[in-house]
Structures are given as structure tokens and as C-alpha cells.
Amino acid sequence: MKANMIVGIQWGDEGKGKIVDLMAQNYDAVCRYQGGHNAGHTIWVDGVRYALHLIPSGILNPKAINIIGNGVVVSPEALIEEMKQFENLQERLFVSDKAHMILKHHILIDQAKEKLRGAKAIGTTGRGIGPSYGSKIERSGHRLGELRDTQKLAQNLSEFYEENRALFGALGIVTPDFESLKIELDGYAQALLPFLADTTQMVWDLLDANKRVLLEGAQGTLLDIDHGTYPFVTSSNTISAGACVGLGLSPKDIGKVTGIVKAYCTRVGNGPFPTEDRGEDGEMLRVKGKEVGTSTGRARRCGWFDAVACRYASRINGCDELAIMKLDVLDGFERIKVCVAYEVDGKRVETLPQDLDNVTPIYEELPGWESVVGCRKFDDLPPSAKAYIARLEEITQTKVGIISTSPDRNDTIVL
Ligand code: IMP
């Protein structure tokens with residue numbers, strides 16, 4: 001069996017949570033493969049609110065197992081806190097012992113560096129994501145498996161703090177002494193060791209046994225460290241290829257890829273956003289779409305659908321289909337804009353330039369509609385909404401497989 005995948009096509013926050021939650025009901029295992037607790041979504045089940053940042057959405061399906069792969073950076077503190085929402089996690093949650101940890105100093109470095117960047121700040125979530133991946137690449141990071149010997153880990157970390165005393169001093173960071181570090185790590189070990197596993201072998205076994213495995217991407221394609229709007233990106237490979245590295249799969253293990261997009265576009269943090277609308281329309285999208293970050297509470301920047309970026313993202317991820325989320329947020333707009341090309345140095349460009357700072361979007365305008373709220377069949381959509389979907393399929397060269405018409409799990413059109 002091959003694993004199916006959900007991947008973000010824009011700058012994250014596309015509404016992956018709703019689709020993964022919906023799909024997770026039909027899977028035996030749900031796996032995260034990159035990112036950390038910078039991601040986040042809220043799921044309501046029977047009136048109870050669950051905030052998920054690291055734990056895969058399959059946790060709300062009692063029959064599914066949930067895997068946090070080696071490519072995820074795990075803050076032990078954040079994971080332990082998140083686990084408190086659930087009972088009986090044993091045998092339902094497995095965390096790779098190869099996953100790198102986000103330790104407190106990573107978080108402090110992230111926040112201190114953002115301050116130092118001033119006007120050039122990336123607008124990170126301040127969760128230590130970049131510094132933890134940085135340590136991993138630099139080969140000075142620490143994996144969760146090292147919690148099996150906290151004495152040695154505390155010793156190594158203490159030496160690291162000592163060697164880098166000047167750096168920490170300059171950033172105004174106070175590092176813990178050996179004793180308090182050891183106590184902290186012992187706490188992590190006690191809570192997390194029962195959940196550590198060889199998740200690579202586990203996913204292989206699941207696929208070999210013909211179990212249905214869903215791979216849950218975090219963030220979005222335009223935040224990919226290699227293929228996004230660098231340096232205003234996150235520090236992991238958010239694209240579908242990231243799942244191979246972040247779980248130990250081969251490209252041949254990947255089956256259907258569903259790309260998640262909003263019917264418009266949003267971005268949190270800084271960096272280029274060609275179709276951003278700083279006027280009334282952008283404000284209307286923000287208010288109607290309740291565009292506030294789940295992890296950080298920051299207001300999201302809003303704008304129109306960028307079909308050029310979406311076509312690029314669809315190609316790079318190998319999307320078999322798109323899920324168009326929050327179509328209802330476009331209700332009531334008289335005209336709806338779609339970016340079909342850019343103008344760069346007076347020329348029309350239909351591919352995604354590396355430098356998105358100096359592009360002017362070229363828009364096509366389509367007629368709006370009154371309401372699509374709660375539509376559950378394609379035929380229930382107003383003709384102009386159908387025409388909008390058809391046009392997106394055409395320009396992005398990807399078929400639309402799912403349309404979401406309200407936050408409710410049931411208000412979803414599956415084509
Ligand atoms: P970091 O991942 O905290 O290092 O932040 C880097 C960039 O990615 C910032 O612009 C963040 O706002 C953005 N980012 C990180 N995680 C998410 C997410 O889950 N949704 C949307 N943006 C994100």
C-alpha cells in the first residue's frame with residue numbers, strides 16, 4: 001500500500017486541519033514529518049476543543065495510531081503539555097527517537113535573533129524551530145533518543161553552554177546549571193520515553209501490512225526552506241518530498257497527494273506576498289475568514305488567490321487534486337480577483353520568479369456570488385462559484401477534488 005498525503009500549497013493556514021481531521025477517520029495511521037509546534041489547528045469534537053500543534057490529527061480517531069516522524073523538531077515541553085489533553089495515549093502515539101529536540105536555548109535564540117533583526121525580522125513564531133533545525137544541520141543537535149541517558153545529555157549540554165558562553169552572553173541568554181538541567185531532562189525522559197519508537201520501521205510495517213497511512217504536512221509550500229520565499233520561510237521542507245526524508249519513506253511509497261489551498265490567500269509573518277490586499281477587500285477577507293493565527297494569535301495578511309504560485313506549488317508537490325478551503329469567505333464579493341500572471345520589468349511572466357519582491361500581479365476578475373455556506377453537493381453551488389472553481393482548475397492545471405463551504409466537518413463537497 002502507498003501512503004496518501006495532505007500538503008499546504010500556500011503560506012500555511014490553508015485549513016489542512018479540517019481535511020486531515022475529516023480524512024483521519026478513514027486511516028489506520030496519521031504521521032507528521034516536518035515542522036514543530038509552530039504549526040497548529042483547533043478541532044472541535046462533540047463540543048470539546050482540542051488544540052493540536054505536534055500530535056497528528058488521527059488522535060481524534062480512536063482506531064488510528066499517530067506517528068511523529070524523525071523530520072519533526074519536538075519541544076519536549078510543548079509535547080508533554082499537548083499530551084495532557086488526551087487519555088490513554090500509550091500504543092496510540094509514537095515519536096521517532098531520531099527526531100531532534102527543541103530545547104529552551106533554541107527558543108531563546110530564536111526570539112533574541114528576531115529582535116536583533118529589527119526591521120528585517122522574519123516574523124517567526126518564536127518557538128525555536130530555526131535554531132533547532134540549525135543545530136541538527138550543524139551536527140550539534142540532540143535527538144529524543146538521547147533522553148535514555150540524561151546524565152550524558154546534561155553533561156554534553158553543559159559543555160556546549162560553557163563553550164558558547166560568549167554567544168549566550170551577547171544574546172542576553174542565561175543557560176541552566178547542570179543540576180537544574182538534569183532535573184528538567186529527567187522530567188522529559190519520564191514523560192516521553194514510553195512513546196519513543198523506531199517510527200521508520202513502523203511506517204514500513206504499516207504499509208507492508210496494507211494499512212492506510214496518511215501523511216500530514218505542516219505549514220505550506222511557499223514556506224519551504226528550499227522552494228519557498230527564502231529567507232522568509234520556515235526551516236523545514238514543507239513540500240511532499242519532505243515526507244520521504246522526515247519519515248524514512250521512498251518516493252515510491254507515496255500515493256495520492258492532496259494540496260490544500262484557501263479560495264483566497266493569507267500569510268503570517270513577513271516576506272513577499274504579491275496578491276496581498278491592504279485595502280477594504282483584504283480587511284473583509286480577514287474579518288470574514290477569522291484570519292488570526294492559531295499558534296501565535298497574530299492577525300494574518302490577506303489577499304487574492306495567486307494561481308501562478310498555486311500552479312508552481314501543485315507541480316512541485318505532484319498534487320493529484322486540490323482541496324479548495326473557505327470558499328464561503330468569498331460570499332458577498334461582487335467581483336473576485338485571481339492572479340493569473342505577474343508583470344516583471346514590464347514583461348508578463350507566468351512562472352514563479354525567485355524574487356517575488358518586485359512583481360506586480362496581473363488579475364483576472366470573475367463575478368461573485370451570494371452564498372455557498374453549507375453547500376454539500378457541487379450542484380448546489382451558484383453558477384458563478386462553479387465557474388470560479390473551473391477557472392482555478394484550468395489555470396493551476398490541477399483538478400479540484402474537495403471544496404469546503406464552512407468550518408463544519410460535514411459542509412464539504414467531495415467530487
Ligand atoms: P518559524 O517556523 O517559527 O521559524 O517561522 C518562520 C515563518 O514561517 C514565519 O513567517 C512564520 O509566521 C511562518 N510559519 C511557521 N509556522 C506556520 C504555520 O503553521 N502557519 C503559517 N505560517 C507559519
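Analyst: The description that follows rests on a predicted model. In this model 15 residues surround the ligand, and the closest are Asp13, Asn38, Thr125, Thr234 and Arg298. Sorted by class, this shell comprises six nonpolar, seven polar and two charged residues.

Several polar contacts can be described one by one. Asn38, already named among the closest residues, places a polar side-chain atom 2.9 Å from an oxygen atom of the ligand. Gln219 also takes part through its side chain: an N or O atom there is 3.3 Å from a nitrogen atom of the ligand.

The protein chain is divided into domain 1, which covers 3-74 + 200-414, and domain 2, which covers 100-194. Each of these two domains supplies at least three residues to the shell around the ligand. The centres of domain 1 and domain 2, taken over C-alpha atoms, are separated by 31 Å. The two domains also meet directly, with 21 residues of domain 1 in contact with 16 residues of domain 2.

The structure holds one cavity of 30 Å³ or more, and the volume of the largest cavity is about 40 Å³. Its lining consists of Ile9, Gln10, Leu222, Cys265, Asp306, Ala309 and Cys310. By class, the lining of this largest cavity divides into five nonpolar residues, one polar and one charged. For the shell around the ligand, the corresponding division is six nonpolar, seven polar and two charged.

Definitions and conventions: Residues numbered from 1 in each chain as written. Predicted model: local features only at pLDDT ≥ 70, side-chain atom pairs only at ≥ 80, totals over all residues. Heavy atoms only, no water. 1 Å grid on protein atoms, 1.4 Å probe; cavity = no way out; pocket = protein on both sides within 12 Å on 5 of 7 lines; lining within 4 Å. Points joined across faces, edges and corners; volume = space filled by probe spheres on them. Nonpolar A, V, L, I, M, F, W, Y, C, P; charged D, E, K, R; others polar. Near = heavy atom within 4 Å. Polar contact = N/O pair within 3.5 Å; in protein donor to acceptor, adjacent residues only side chain to side chain. Domains from an automatic or database assignment. Contact = heavy atoms within 4.5 Å.
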